[in-house]
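User: I would like to learn how to read the packing of helices in a protein model. Could you please guide me?

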Amino acid sequence: MDNNLFDFVYRYLSQPQVWPWWVMSASIVLGIVSAWATWQVLQWRQTQRESQPKRAAKKAWHALDPEQVLVKLNASESGLAPAEVSKRQRRYGLNRLPESKSRSAILRFFGQFHNLLIYVLLIAALITYLIGHIVDSAVIVGVVLINGLIGFIQEGKAENALRAIRNMLSLQATVMRGGKQLSIAAEQLVPGDIVLLQSGDKVPADLRLLKCRNFRVQEAVLTGESLPVEKQVEAVERRVELGDRVSMAYSGTLVSSGQATGVVVASGGDTEIGLISALVAQVETLTTPLLKQLAHFGRWLTAAILLLATGTFLFGFFYRGYPMTEMFMAAVGLAVAAIPEGLPAIMTITLAIGVQRMADRHAIIRRLPAVETLGSVTVICSDKTGTLTRNEMTVGSVLTAEQSFSVSGVGYNSDGGFQCQQQAVEARNFPVLQELARAALLCNDAVLHETNGEWTLQGDPTEVALLAMALKAGLKIMPEREKWPRTDVIPFESEHRFMATLHHDHAGQGFTYIKGAPERLLEMCTKQRNGAEDGALDRDYWLEQMQALAQQGQRLLAIAIKEGGDGLRSLESDDLESGLTLLGVVGMIDPPRSEAIAAVRQCQQAGIVVKMITGDHADTAAAISSQLGLNGQGGVLAGHQIEDLSDAELRRTVGEVNIFARSSPEHKLRLVKALQANGHVVAMTGDGVNDAPALKRADVGTAMGQKGTEAAKEAAEMVLTDDNFASLAQAVVEGRTVYDNLKKSILFILPTSIGEALVIIAAVMLGEQLPITPVQILWINMITTVTLALTLGFEPSEEGIMLRPPRNPDEPLLTPLLVWRILFVSLIMLCGAFGLFLWEKWQGETIEHARTVAINTIVMFEIFYLFNSRKIEASIVNWRGVTGNRYVLLAVAILIVFQLAFTYLDALNHLFGTVAIDAEQWLPIILIAFTVLPLVEIEKLLIRVFKKPRRPT
Ligand code: ATP
């Protein structure tokens with residue numbers, strides 16, 4: 001034995017017969033260095049490609065007049081004819097941005113090897129080769145390659161799944177085609193199409209604007225400028241920068257206010273955003289703060305393990321007097337064993353499985369960290385209409401100055417009629433009711449018509465319900481709209497809470513109809529219509545009547561008229577602030593969703609407070625929330641009351657109040673801030689363009705997929721495709737499940753790694769031969785452990801998952817319980833595997849035989865422990881515990897085949913240094929390995945018995 005290490009190495013390496021090895025080793029080093037260099041170069045090239053625009057600037061549409069643009073595009077304001085659309089679609093293709101170029105496949109493949117552990121392994125392979133263990137060296141390289149390949153495939157799959165989920169949020173566009181207004185998928189747009197835009201929309205293609213009204217667009221995505229830009233129709237200078245081309249609206253930007261009509265001048269990859277491929281290429285990386293933290297921890301762990309391995313090497317070599325080669329193999333084995341190679345991949349895949357599961361349950365994650373945050377949510381602030389309620393509106397009552405009517409018939413059709421004092425009446429005998437129904441029909445953008453008994457509807461359910469009421473009043477939609485054509489409109493926005501339309505008959509007589517939130521309209525009205533006459537507004541009468549309707553949970557909407565608009569061509573909000581005549585108030589029934597009632601209850605049991613933030617009337621909100629079971633002690637807080645409170649006062653009040661009525665997007669923002677200041681983790685729903693700041697501020701901003709604007713979706717972390725509160729609650733369940741499953745994977749993987757490391761350390765300490773060789777450890781860690789751990793990502797939610805309080809976001813992933821469990825199981829593995837190894841040797845078996853037994857014992861331990869790991873604290877000793885996850889059963893079956901091949905196939909015996917063992921040898925292996933199952937179950941039982949019960953607060 002040579003104790004002088006350096007001398008030994010020098011003399012060994014200078015022998016002529018090892019020179020060919022020099023050449024080989026130099027080529028492996030070169031291989032490593034060139035792999036690293038290629039990776040760097042590929043990454044640099046990709047960055048270069050992304051930062052260069054593909055083509056130079058295009059036609060200066062911004063400098064042409066609208067008429068010239070239309071002529072050049074051979075288009076007109078009434079839109080393209082269907083035949084022309086198909087022709088152009090063939091020519092220009094779909095209006096889709098070029099496939100987002102994620103990291104190229106080669107880069108992704110090399111990326112798999114760009115990690116400290118792999119470098120350690122490759123160096124180990126080199127040295128193993130140098131000291132003559134050629135087969136071992138080849139196996140290490142082989143396993144590294146296979147592992148890289150598996151990682152590459154899995155990561156690709158996970159990225160594809162996430163991309164597919166994101167594509168589910170496809171963009172819609174409103175267009176004029178063949179003289180008709182249609183809503184189509186934005187990817188169907190072609191140059192020459194006429195597109196209508198309103199606040200909250202995402203511009204679907206590059207447009208030259210033809211008409212604008214207070215039109216402002218947020219172009220940060222293109223220009224970096226976060227303030228909205230005011231747009232105009234007039235042409236601008238040819239040479240101006242993109243940000244100053246105010247006669248254009250560019251694809252991907254967001255409309256922050258107003259309306260506009262524009263003609264498509266460029267679609268798909270020809271748009272400005274399509275040219276900047278770097279932006280398109282921005283694919284979200286598959287990571288979250290937790291995973292980053294783990295990766296960081298992993299690097300430290302690797303460094304620490306390398307130190308430990310070096311220490312063991314020195315101890316064995318100098319103190320115990322092991323031969324250097326053997327000690328080197330032990331050190332490599334220790335490093336390979338203790339580093340949990342599969343963990344990062346398993347974590348990423350578990351996360352991707354969770355995101356996929358949420359998408360299946362109507363919750364689309366836009367930003368991955370939200371998956372983790374969902375499990376810590378302590379307050380959910382939800383909209384009412386459509387989220388907690390069904391958004392199936394039916395007009396139930398109509399109030400005029402002299403009568404109160406109830407309206408019968410449910411659903412969006414003309415079935416039903418009016419009753420006054422419980423007598424059926426004809427609406428046409430009540431002129432004010434007629435006028436109110438006409439106003440409801442004209443001041444309305446929805447569509448409702450019947451063909452062959454089938455009712456077709458389009459638009460906001462509130463407006464469709466008003467059309468149904470007008471039909472019940474005997475009016476016909478199209479004839480009325482043709483008789484009183486619309487000259488101008490101020491669309492409804494939650495901020496000003498009314499909508500107004502200007503109409504002129506064919507004789508030029510003009511008037512404006514206004515509908516909106518009653519409190520808002522009462523401020524604007526000075527008169528009310530009494531029969532044929534107008535009288536002074538009796539505010540108290542209206543407030544009293546409205547309160548009675550609201551207390552029944554009806555959603556209120558007032559309708560008014562402003563006469564004398566003969567010469568008027570356009571509407572300004574300021575002109576409507578006074579002088580209106582109130583026609584009446586409509587009460588709508590919108591029942592709570594039954595699944596929302598159950599979901600609210602589920603959240604409350606899970607320690608999550610549900611708050612309703614609605615634009616609706618306080619009494620309506622209170623009535624609906626009592627049906628939903630979410631009334632707090634603090635009653636209802638209305639928007640104007642929120643305004644009267646200072647931030648500090650709001651912080652104090654916000655905890656007690658669960659219902660916020662007549663609140664605007666600014667109130668939502670203040671409420672989120674107040675709740676967060678009180679230490680809450682807040683999920684907030686929203687749909688309007690002005691909800692974006694509150695959604696961004698919330699911990700889990702949640703936009704509505706159906707009625708939500710694109711601006712809200714862009715700001716949100718998550719989108720609910722069915723607008724349903726129950727889906728949000730389900731997303732919380734899934735968020736908690738993903739976190740549990742991440743923990744379960746760690747709980748499963750770490751004991752195997754530590755157990756193996758302990759086996760090696762014990763062997764070195766006791767002066768024994770290694771019970772497992774480095775390549776055998778690689779087999780366990782990279783093949784068996786990963787196969788088994790992957791199944792934990794599919795674990796269904798634990799039964800009591802919504803009976804636990806929310807997770808403290810500051811809680812470390814490795815809680816004391818987890819650390820204890822990991823050590824406990826590692827020790828069981830050490831005793832079982834090392835014990836059986838020693839036993840076999842004492843029986844006089846060969847070292848290969850004893851090692852084969854030891855490895856099979858560890859793998860069997862893993863199989864039994866996998867069942868334990870399915871639940872962190874709950875028992876698995878029941879039918880569901882054993883069969884509840886079919887992936888577990890499948891993986892166990894596959895693994896048994898793997899293990900038999902490993903033990904009995906000649907080729908694998910040769911590669912891994914194993915030998916065939918007799919059939920009866922399996923009995924002690926299985927019996928010993930089985931002990932982990934009852935031991936961990938007893939430990940769980942003790943924990944359950946002695947742990948203080950934690951009830952949600
Ligand atoms: P939530 O905020 O919970 O969704 P909401 O739908 O009642 O509740 P908003 O959409 O902000 O909130 O509506 C506020 C009020 O504006 C409604 O109560 C109603 O009186 C009125 N309103 C709603 N939709 C329209 C519309 N299309 N035209 C005119 N007024 C409307």
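Analyst: Let us begin with the terms. An axis is a line fitted to the C-alpha atoms of a helix over the stretch in contact, and the angle runs from 0 to 180 degrees between N-to-C directions. Two packed helices are described by the angle between their axes and the distance between the axes. Please keep in mind that this is a predicted model.

User: At what angle do helix α30 and helix α35 pack, and how far apart are their axes?

Analyst: Helix α30 (residues 847–869) and helix α35 (residues 932–946) have axes 8 Å apart, at an angle of about 25°. Angles under 35 degrees count as roughly parallel, so α30 is roughly parallel to α35. Their crossing is right-handed.

User: Which residues of α30 and α35 meet?

Analyst: From α30 come F861, F864, Y865, F867 and N868, which meet V932, L933, V936, E937 and K940 of α35. By class, the residues of this contact are seven nonpolar, one polar and two charged.

User: How should I read helix α11 and helix α12: at what angle do their axes cross?

Analyst: The axes of α11 (residues 289–320) and α12 (residues 324–338) cross at roughly 155° and come within 9 Å. Angles over 145 degrees count as roughly antiparallel, and therefore α11 is roughly antiparallel to α12. The contact involves residues of α11 including I305, L306, F313 and F317, and residues of α12 including M324, F328 and L334. The contact of α11 with α12 has 13 nonpolar, two polar and no charged residues.

User: What is the arrangement of helix α27 and helix α28?

Analyst: Helix α27 (residues 725–765) and helix α28 (residues 774–790) pack with axes 10 Å apart, at an angle of about 165°. This angle makes α27 roughly antiparallel to α28. The crossing of α27 and α28 is right-handed. Among the residues that meet are F748, I749 and E756 in α27, and I777, N781 and L788 in α28. This contact of α27 with α28 comprises seven nonpolar, five polar and one charged residues.

User: Let us turn to the ligand. Which residues around the ligand come nearest?

Analyst: There are 19 residues around the ligand, of which K384, T385, R555, L556 and G615 come nearest. A polar backbone atom of K384 is 2.6 Å from an oxygen atom of the ligand. For T614, an N or O atom in the side chain is 3.0 Å from a ligand oxygen atom. A polar side-chain atom of R662 is 3.3 Å from an oxygen atom of the ligand.

Key. Residues are numbered from 1 along each chain as its sequence is written. This is a predicted model: local features need pLDDT of at least 70, side-chain atom pairs count only at pLDDT 80 or more; totals for chains, interfaces and linings use all residues. Side-chain values use heavy atoms; hydrogens and water are left out. Helices (H or I, at least four residues) and strands (E, at least two) are DSSP runs, numbered from the N terminus. Angles under 35 degrees count as roughly parallel, over 145 as roughly antiparallel, 65 to 115 as roughly perpendicular and the rest as oblique. Contact means heavy atoms within 4.5 Å. Ala, Val, Leu, Ile, Met, Phe, Trp, Tyr, Cys and Pro count as nonpolar, Asp, Glu, Lys and Arg as charged, and the others, Gly among them, as polar. A residue is near a molecule or strand if one of its heavy atoms lies within 4 Å of it. A polar contact is a pair of N or O atoms within 3.5 Å; within protein, one must be able to donate a hydrogen and the other to accept it, and residues adjacent in sequence count only if both atoms are side-chain atoms. A crossing is left-handed if the near helix is turned anticlockwise from the far one by less than a right angle, and right-handed if clockwise.
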